[in-house]
Amino acid sequence: MKYEINTSQRSLEVDFNFESDGLIINVDGKTLHFQAIQIHSGVYSVLVNNRSFVVGICPNEANRVNVNGTPINLELLDAVHLHLRELGWDSMQETKVGLISAQIPGLVTKIFHVPGDEVKEGEPLLLIEAMKMENEIKSPVSGVVQKISVNEGQTVEKGTNIIEIV
Amino acid sequence: MFKKILIANRGEIALRVMRTCREMGIEVVAVFSEADRTAPHVLFADEAYLIGPAPSTESYLNYEKILEVAKESGAEAVHPGYGFLSENTDFAKEVSEAGIVFIGPPASAIKIMGDKTMARQTMLKTQVPVVPGTEEPIADIAVALNVAKEIGFPVLIKAAGGGGGKGMRIVHAATDFEDAVGKAQRESQSAFGDGRVYIEKYLEEPHHIEFQILADTHGNTIHLNERECSIQRRYQKVIEESPSPFIDDGLRLKMGQAAVETAESCSYVGAGTVEFLVDKHRNYYFLEMNTRLQVEHPVTEMVTGIDLVAEQIRIASGQPLSIDQENIKTSGHAVECRIYAEDATHDFAPSTGEIVMLQIPDGTGTRFDGAIRQGIEITPYYDPMLGKLICWAKDRESALNRSERALREFYIGGIETTIQFCRAVIRHPVFREGTYDTHFYANFKDELHADLATSTDEVLLVAAGSLYHHQNQIKHSSNTSNSTKKTRSNWVNAQLGRNA
């Protein structure tokens with residue numbers, strides 16, 4: 001199976017094939033013997049050509065993998081996705097950049113805007129207090145505040161939609 | 001000596017204190033919130049009492065309740081740890097008035113040194129130099145702005161009642177001043193219930209170097225050398241080491257004497273820390289005194305061989321210091337890495353959730369002071385620090401190599417941590433050379449984050465292969481029958497650290 005691995009910095013084309021003793025990875029004309037044994041839910045001991053790694057798969061974020069403690073964000077595209085992209089579809093672009101959700105759970109202590117306000121990229125939108133620290137949530141885009149879904153004094157869970165900018 | 005001590009804290013410091021108590025043959029009483037029923041400190045303790053709901057204002061800061069438990073349990077002394085009630089004069093006073101020993105300095109010393117304004121005023125009467133700044137907390141913003149302009153930007157805004165980086169802001173220009181004061185006041189109000197802030201001069205290439213002191217009730221005060229704490233972000237310490245690679249024996253001697261003078265100026269008793277800022281010209285200024293055990297106290301313990309908690313307890317029971325200044329001998333080098341539940345790649349946002357897998361490093365010279373285990377939930381209620389990794393070796397280079405090795409061995413699955421960030425700091429050439437100051441993070445932020453974001457093709461392939469393997473295995477297992485293993489362990493009566 002042909003796959004494309006993408007990170008924010010680069011892209012690699014690989015071929016994955018399951019065989020009896022593990023996974024065979026072909027990349028740049030090289031063959032790697034990949035063997036993963038699950039040692040705990042979502043945690044694997046991996047041997048690649050006898051080099052040893054401990055790998056954790058983040059249960060909530062499908063594209064985040066931890067190798068020897070280092071988190072790596074990557075995208076794994078199979079032939080179907082690659083073909084769709086050639087046709088002009090990009091499944092990874094569906095999320096709206098202006099829809100901001102809480103990256104941390106905590107208490108909303110201050111909201112700097114009301115719907116209708118114009119904001120610039122990088123401008124503070126609100127403050128969320130978590131673990132006794134005040135965290136400033138900045139706007140990722142320039143635009144107009146469309147909707148604010150939280151109030152000052154409200155506790156939010158991670159992932160809650162808090163503000164929308166169009 | 002005491003027979004029973006209540007530890008008015010949670011997390012790693014509660015465990016740290018309990019360990020020494022048990023070694024001294026003292027029974028330990030834990031207090032816990034509803035979120036902490038099965039927390040490590042509860043499991044370790046001889047007795048444990050529920051003191052309220054999860055938010056710390058209703059539990060670990062509820063001193064009436066804690067005092068009630070102290071009386072009920074028959075504890076003869078209370079150890080406050082750090083944070084929470086450790087610098088609360090009312091608590092210290094009420095504990096003493098109830099006939100229970102507060103393991104810490106007298107309320108009067110906490111009051112003087114705990115209030116940065118009063119501390120400054122006290123220090124101005126001594127020979128110890130202080131940083132230029134306001135002597136009164138800010139009341140009027142316009143007046144404050146004028147003072148800031150007189151001192152000269154950049155200035156630092158700090159909480160009068162705080163510590164640990166909370167309620168602190170650096171301001172580079174007059175236009176940002178009012179906004180920064182507001183933020184510092186709100187943060188300080190929320191963290192310490194005290195919104196007063198003050199201003200001081202920001203020094204050139206400053207080092208944050210602190211001295212550990214010990215003082216008994218018999219008039220003896222000594223210092224146990226320094227800890228270099230210049231690796232900070234958001235004014236919170238990340239890595240500390242002893243000895244400091246920046247100061248020499250001459251300066252060490254002078255600063256040590258200044259630390260002792262500081263402690264004596266407020267009739268200090270117990271373990272305390274005198275913090276100094278040292279600029280690039282090696283001028284030192286008194287910054288503040290922390291009237292409690294510090295988070296980073298283990299680096300001093302590792303190089304001096306002295307158990308600071310044991311000394312605290314001995315002093316509190318009225319015994320004289322077990323050692324005098326001439327007999328303090330240090331050996332080797334110690335480095336502490338603080339492990340936070342934070343995502344270094346997303347501006348250190350707090351990370352909460354279950355620890356699904358845990359591998360704590362060990363081996364020669366490796367100490368971990370923590371309070372975590374597999375399956376435990378990291379909640380947003382308390383401090384994000386999970387624990388501290390302290391590595392000791394015969395010299396600085398070996399201690400850094402050992403730290404790097406241990407960090408690589410450390411695995412906490414399920415939440416984001418600062419383990420890798422610490423690794424990036426330790427392998428940075430400027431840190432390795434020992435020529436860093438408190439601007440290290442600001443100056444090398446991009447390099448550190450680039451280091452964190454860089455992965456070799458090999459690592460990327462391991463990540464991708466694992467993801468592919470994981471996804472296909474999930475597809476497989478949903479087709480096959482239940483693959484859950486039955487537990488075959490005979491250890492049905494696991495002791496988990498309790499004495500039976």
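Of the 166 residues in chain A, 28% are buried. A residue counts as buried if 20 or more other C-beta atoms lie within 10 Å of its own, as exposed if 12 or fewer do, and as partly exposed in between, with C-beta atoms placed from the backbone. In chain B, 52% of the 500 residues count as buried.

This is a predicted model: local features need pLDDT of at least 70, side-chain atom pairs count only at pLDDT 80 or more, and totals for chains, interfaces and linings use all residues. Residues are numbered from 1 along each chain as its sequence is written, while chains are lettered from A and ligands numbered from 1 in the order in which they are written.

**Confidence in chain A**

- The mean pLDDT of chain A is 84, where pLDDT is the predictor's confidence in each residue, from 0 to 100.
- In chain A, 93% of residues reach 70 or more.
- The pLDDT falls below 50 over residues 91–95 of chain A. Beyond near neighbours in sequence, this stretch has three contacts in the model.
- Two residues are in contact if their C-beta atoms, placed from the backbone, lie within 7 Å.
- Among the elements of chain A, strand β5 (residues 43–48) has the highest mean pLDDT, 94. Helix α1 (residues 79–86) of chain A has the lowest, 76.

**Shape of chain A**

- Chain A has one helix and 17 strands. Helices (H or I, at least four residues) and strands (E, at least two) are DSSP runs, numbered from the N terminus.
- The radius of gyration of chain A is 21 Å, well over the 15 Å that the globule rule gives for 166 residues, so chain A is more spread out than a compact globule.
- That radius is taken over C-alpha atoms, and the globule rule is 2.2 Å times the number of residues to the power 0.38.
- The C-alpha atoms of chain A fill a box of roughly 60 × 40 × 20 Å, taken along the principal axes.
- Chain A is assigned domain 1 (2–93) and domain 2 (99–165), with bounds from an automatic or database domain assignment. Their centres, taken over C-alpha atoms, are 34 Å apart.

**Shape of chain B**

- Chain B contains 16 helices and 22 strands.
- A compact globule of 500 residues would have a radius of gyration near 23 Å, and chain B agrees with 23 Å.
- Its assignment gives domain 1 (4–103), domain 2 (132–201) and domain 3 (207–453). The C-alpha centres of domain 2 and domain 3 of chain B lie 26 Å apart.

**A helix in chain B**

- Which residues of helix α4 (residues 89–97) of chain B are buried? They are F91(B), A92(B) and V95(B).
- Seen down the axis of α4(B), these buried residues fall within an arc of 100 degrees, so they line one face of the helix. The arc is that of the directions from the helix axis to the C-beta atoms.
- An α-helix has 3.6 residues a turn, so residues three or four places apart point the same way.
- The buried residues of α4(B) pack against α3 (63–73), β4 (77–79), β5 (101–102) and α5 (107–114) of chain B.
- G99(B) follows α4(B) and has a positive phi, near 80 degrees.

**Where the chains meet**

- 38 residues of chain B are in contact with 44 residues of chain A.
- On the side of chain B that touches chain A, α16(B) gives the most, with 13 residues.
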